[in-house]
Amino acid sequence: MPKLWTETIDAHRAAVRDAAMDAMAALVATHGLVAVTMSQIAQQAGIGRATLYKYFPDAQAVLTAWHERQITTHLDQLTAAVDPAAPAIARLEAVLHTYAHIQHHSARHHGGELAALLHRSEHVDRAQQRLRGFVQDLIAEAVRDGDLRDDVATDELATYCLHALTAAGTVARPDAVQRLVIVTLAGLTASAGNSPLS
């Protein structure tokens, strides 16, 4: 099969999948999760129902694919926030700011019933492990540079950061998100001598 033809088919398949996922997101935002059917998704996406079934067996599969796409986008945003030439502490700060803003934005758009359903999925566990490893590596590098406390294991510090910043999803204002990041970073830089652990 000619390369151009293959690329055209792949692009078409990707466009159909994206249209279905975008339609699902729009329908859930408008009607809630329970009310969404494959017929509605097909109509919203502007594709035939038979075509939709070639790509997804049911509405849950469309929702899962949409969520996986969202997670990939978020991980890409976190990676893009990092200037490879910057010191580890600056890269970590950029990642934590970006993560907090993602949490703040996501909670406004995908809260409640939808979040509870999606965050039980296996793809979420994989993404969280990848995210935790990414943050832990930055913390370990900043510890080696002498910029962060060394009296707590780096995996514990990474978990602390991610859990602390999920609170950004519960605050109403962007300045509160900024304060959460500052407080979280302060916990990472507290000297061992002032720590209750010492």
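Trainee: What is the relative accessible area of D145, and how do I read a value like that?

Mentor: The scale runs like this: buried is under 20% relative accessible area, exposed is over 50%, and partly exposed is in between (1.4 Å probe, protein chains only). D145 has 46%, so it counts as partly exposed. You'll find D145 in the loop between α7 and α8. In space, its C-alpha is 8.6 Å from that of I89, although 56 residues separate the two in sequence.

Trainee: Before we go on, what sort of model is this?

Mentor: This is a predicted model, in which local features need pLDDT of at least 70 and side-chain atom pairs count only at pLDDT 80 or more, while totals for chains, interfaces and linings use all residues. Residues are numbered from 1 along each chain as its sequence is written, and side-chain values use heavy atoms, leaving out hydrogens and water.

Trainee: How confident is the predictor, and where is confidence lowest and highest?

Mentor: The score to look at is pLDDT, the predictor's confidence in each residue, from 0 to 100. Here the chain averages 84, and 83% of the residues score at least 70. Helix α6 (residues 112-118) has the lowest confidence, with a mean of 53, and α8 the highest, at 95. Over residues 192-198 the pLDDT falls below 50, and that stretch has eight contacts in the model beyond near neighbours in sequence.

Trainee: How many helices and strands does the chain have?

Mentor: Both are DSSP runs numbered from the N terminus: helices are H or I with at least four residues, strands are E with at least two. This chain has nine helices and zero strands. Take α9 (residues 174-189) as an example: its 16 residues reach 23 Å from first C-alpha to last, close to the expected 22 Å. That expected span is 1.5 Å times one less than the number of residues.

Trainee: Which residues of α9 are buried?

Mentor: A helix has 3.6 residues a turn, so residues three or four places apart point the same way. In α9 the buried ones are A176, V177, V181, T184, L185 and L188. T184 is buried because its relative accessible area is 2%. A contact means heavy atoms within 4.5 Å, and T184 touches Y160, C161, A164 and L165, leaving aside residues up to four places away in sequence.

Trainee: Which residues have the most contacts inside the largest nonpolar core?

Mentor: In soluble globular proteins, nonpolar side chains tend to be buried together. A nonpolar core is a set of buried Ala, Val, Leu, Ile, Met, Phe, Trp, Tyr and Cys residues joined through side-chain atoms within 4.5 Å. The largest one here has 32 residues, and L78, L92, L96, L131, V135, I139 and L188 have the most contacts inside it. Two or more residues come from each of α4, α5 (88-109), α7 (122-144), α8 (154-165) and α9. Apart from it lies another core, of 20 residues, including V16, A42, A45 and A59.

Trainee: Is W66 buried or exposed?

Mentor: W66 is buried, since its relative accessible area is 4%. W66 belongs to helix α4 (residues 59-80), and its C-alpha is 8.5 Å from that of A20, 46 residues away along the chain.

Trainee: What does UniProt list for residues 37-56?

Mentor: UniProt annotations may be inferred rather than shown by experiment; positions use the numbering here, and feature names are shortened. An unreviewed entry lists residues 37-56 as "DNA-binding region". In the model, that span is 75% helix and 0% strand, with its end C-alpha atoms 12 Å apart.
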